[in-house]
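Open the model in your viewer and keep the selection tool at hand.

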Amino acid sequence: MNIIGPDTLVFGVDDIEGTTQFLLDYGLQDAGNGRFEALDGTGVVIAPKDEPSLPPALPSGNMLRKTIYGVADQATVAAIAAELGKDREVKTLADGSIEAVDDHGFTLGFQVTIRQPLDLPAETVNAPGAKPQRGANVVGVEKVASPKPRSLSHVVYFVPDFAKAEAFYAERLGFVTTDRFVGVGPFMRPAGTNDHHTIFFIQTPPHIQGCEHFTFHMGGPTDVMHAGTNMVNKGYQSFWGPGRHLFGSNWFWYFKSPLGCNMEYDADMDLHDDEWTAREAPPGADTSQAFLLQYREKWSPMGPPPGAKP
């Protein structure tokens with residue numbers, strides 16, 4: 001099935017005003033009606049948690065209410081409806097999209113993708129022995145920058161049975177496992193993208209089931225560093241990063257969010273096709289990160305300037 005990846009995540013939240021400010025500070029654009037978008041049109045929708053039009057919350061109370069996947073065409077929507085309709089209710093909505101519930105109770109939507117093609121430069125690197133990517137007199141970084149998220153990358157679910165989740169997404173929706181943490185869960189990609197993963201499952205007790213984190217792709221590692229630094233300077237709590245993962249190779253920086261989950265920036269994710277053989281590793285710091293950088297306040301080897309506060 002030609003599923004491309006997540007188009008939209010829908011949340012029912014406690015604090016609309018605070019969540020709106022967080023999403024704007026993160027770098028998404030306010031598209032109106034509670035929708036906040038990346039540059040390609042993928043994004044997040046928020047509504048009050050008691051909004052009657054939202055799908056029901058999970059028993060855990062997690063704020064994620066729906067994951068909407070973009071697919072290649074309406075024929076793919078119809079094929080998914082036929083497949084899932086074999087053993088569960090599939091709703092057809094007014095906009096032509098469909099809605100169903102997976103084997104763990106997560107509400108899923110499927111629609112012809114809304115993501116728009118992007119034609120933007122990637123971060124460039126000059127290295128001895130290689131032809132310059134950035135020409136003479138073109139600087140690589142500015143003191144102040146406000147990089148924008150480019151595209152919704154992936155979502156991570158806490159689930160009580162990762163094997164059951166993996167089987168559903170593989171057998172019913174055509175996802176492929178690219179790597180896995182033994183005893184924890186798989187990284188998976190759908191057929192319509194070569195991104196290392198658009199979903200990752202983490203085995204947890206049922207009472208915390210829900211969204212653990214989600215992320216948007218940035219233009220490169222410098223964008224991740226700039227965007228994360230901007231968030232720290234605005235007073236938001238860094239959760240993990242900056243650093244670089246091993247599975248997927250993506251640069252990362254996670255922040256605590258008012259969406260009831262963490263929200264990440266990522267960049268430079270590996271691409272895989274059907275020739276790839278999935279790897280396995282035990283979970284832990286040594287297998288989840290190639291390196292981790294620690295954020296510190298600006299400093300100088302000579303010490304603080306005269307008169308500076310300690």
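Buried means under 20% relative accessible area, exposed means over 50%, and partly exposed lies in between (1.4 Å probe, protein chains only). This is a predicted model: local features need pLDDT of at least 70, side-chain atom pairs count only at pLDDT 80 or more, and totals for chains, interfaces and linings use all residues. Residues are numbered from 1 along each chain as its sequence is written, and side-chain values use heavy atoms, with hydrogens and water left out.

**Stop 1: salt bridges**

A salt bridge is a side-chain nitrogen of Lys or Arg within 4 Å of a carboxyl oxygen of Asp or Glu. The whole structure has 15.

Select R244 and D268. Their side chains meet in a salt bridge, 2.8 Å from N to O. R244 sits in strand 14 and D268 in the loop between strand 16 and strand 17, so the pair ties together parts 24 residues apart in sequence. Strands (E, at least two residues) and helices (H or I, at least four) are DSSP runs, numbered from the N terminus. D268 is partly exposed, at 46% relative accessibility. R244 is also partly exposed, at 21%.

Next, pick D7 and R115. The closest N and O atoms of this salt bridge are 3.5 Å apart. D7 is in strand 1 and R115 in the loop between strand 8 and strand 9, 108 residues apart. Is D7 buried or exposed? D7 is buried, because its relative accessible area is 0%.

Now take E83 and K86, bridged at 2.9 Å, N to O. E83 is buried at 16%, while K86 is exposed at 62%.

**Stop 2: a surface patch**

Select L39, L118 and L120. They form a nonpolar patch with about 240 Å² of accessible area together. Patch residues have over 30% relative accessible area and no salt bridge; nonpolar side chains (Val, Leu, Ile, Met, Phe, Trp, Tyr) are joined within 5 Å, like charges within 9 Å. L118 is in the loop between strand 8 and strand 9.

**Stop 3: cavities**

A cavity is a set of points on a 1 Å grid over the protein atoms alone where a 1.4 Å probe fits but cannot get out; lining residues have an atom within 4 Å of a point. Two cavities reach 30 Å³ or more.

Show P56, L58, L64, R65, K66, G105, F106 and T107, which line the largest cavity. Strand 5 gives the largest share of this lining, three residues.

For the second largest cavity, select the lining residues, among them D102, H104, F106 and F201. Helix 3 gives the most here, three residues.

Key:
1 Å grid on protein atoms, 1.4 Å probe; cavity = no way out; pocket = protein on both sides within 12 Å on 5 of 7 lines; lining within 4 Å. Points joined across faces, edges and corners; volume = space filled by probe spheres on them. Areas by Shrake-Rupley, 256 points an atom, 1.4 Å probe, with all protein chains shown as cover.
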